[in-house]
Amino acid sequence: MTDLQRAATLLRQARSLMALTGAGMSAESGVPTFRDARTGLWAQFDPYALASPEGFRADPELVWNWYAWRRELIAKARPNAGHLALARAQSDGRFERFVLATQNVDGLHAAAGSEGVLELHGNILATHCFNGCGTRFTSGAALPAGTPPRCRNCGGWLRPSVVWFGEGLDLAVLGAAQQAVRTCAVMLVIGTSGLVHPAAGLPSLARGAGAKVIVVNPESTELDDLADVCVRAAAAKAVPELLGL
Ligand code: OAD
């Protein structure tokens, strides 16, 4: 039996599924990953200058424009066959419970039709006030490059609602993911390097609670040692095959 067949069997037998996705999930939709050696964003850009509160304070326009560029890339991207298969497996009722958590900020799971997606690292189309006045903006409106817009309540800079280095995750979102992880029969981990915590700790939590863990990734990762099966393949091809779709 191949690894893919073993993983597909575990998925067929499972009543409840938790999926955790990372940047590799969207790679075949044309959204760059972070840590791939040649094409990853962090191979070309300084994460602390572009994805930290200190970086934004030092140069709000630089940071805002980098996110505007990423929003443009994402606007051209469409969900791939992997995103679509996860959405279909959720809606066709084969699992009693199917919770999908993602580290991606691109919104492609929701665009594919997945419901209740736990966006652990936020969403690049939303903004909130950097001053901490609490105002959030989730608009479909254009967020063009240039100087960042100002908060209409307090006049502070607006920033993208993504989690930056040194920041905590939304506790309600993380708590919901941890709860799903503790109670799933199988955890499917797709396209993540498993290096960024706390998301990277979820598979080990699942394993500790007795779930089977399947890793889908063309490369080896930090998570392979705790996986029951590693499927060495790209997400857009492997995920539909794993789910028989
Ligand atoms: P990484 O860039 O760290 O890892 C992407 C993973 O996807 C790698 O293990 C690749 O081998 C794998 N991969 C590449 N192409 C793939 C494909 N077609 N199918 C399946 N896998 C593929 O991305 P993440 O693990 O998501 O945080 O990174 C975690 C966080 O670090 C991101 O959410 C981001 C970043 O800093 C924030 O922006 C807060």
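Leaving aside its neighbours within four places in sequence, with which residues is Phe95 in contact? The legends below take up this residue and then other parts of the model.

This is a predicted model, in which local features need pLDDT of at least 70 and side-chain atom pairs count only at pLDDT 80 or more, while totals for chains, interfaces and linings use all residues. Residues are numbered from 1 along each chain as its sequence is written, and side-chain values use heavy atoms, with hydrogens and water left out.

**View 1. Phe95 and its contacts**. Phe95 lies in the loop between helix H7 (81-91) and strand E2 (97-102), where helices (H or I, at least four residues) and strands (E, at least two) are DSSP runs numbered from the N terminus. Phe95 is buried, since its relative accessible area is 8%; buried means under 20%, exposed over 50% and partly exposed in between, with a 1.4 Å probe and protein chains only. Leaving aside neighbours within four places in sequence, Phe95 is in contact (heavy atoms within 4.5 Å) with Leu11, Ala14, Arg15, Leu17, Ala89 and Leu243.

**View 2. Helix H7, its buried residues and its ends**. The buried residues of H7 are Gly82, His83, Ala85, Leu86, Ala87 and Ala89, and what covers them includes strand E1 (16-21), helix H2 (24-27), E2, helix H8 (108-112), strand E7 (186-190) and helix H11 (235-242). At the N-terminal end, Asn80 caps H7 through a side-chain oxygen that lies 2.7 Å from the backbone nitrogen of Gly82. Just after H7, Gly93 takes a positive phi of about 75°.

View 3. A polar side-chain atom of Glu28 lies 2.8 Å from a nitrogen atom of the ligand, whereas a polar side-chain atom of His121 lies 2.8 Å from an oxygen atom of the ligand. For Phe34, a backbone N or O atom lies 2.7 Å from an oxygen atom of the ligand.

**View 4. The second largest pocket**. This pocket has a volume of about 350 Å³ and is lined by 20 residues, of which Gly122, Arg136, Ser161, Val163 and Asp170 lie nearest its centre. On a 1 Å grid over the protein atoms alone, a pocket is an open set of points with protein on both sides within 12 Å along at least five of seven lines, a cavity is a set where a 1.4 Å probe fits but cannot get out, and lining residues have an atom within 4 Å of a point. Strand E4 (122-129), strand E5 (136-138) and strand E6 (158-162) each supply at least two residues of the lining, with the largest share, five residues, coming from E4.

**View 5. The largest cavity**. The structure holds one cavity of 30 Å³ or more, and about 30 Å³ of space lies in the largest cavity, a volume being the space filled by probe spheres set on grid points that are joined across faces, edges and corners. Thr102, Asn104, Asp106, Gly107, Leu108, His109, Ala110, Val117 and Glu119 line the largest cavity, and H8 gives the largest share of this lining, three residues.

Technical notes. Polar contact = N/O pair within 3.5 Å; in protein donor to acceptor, adjacent residues only side chain to side chain.
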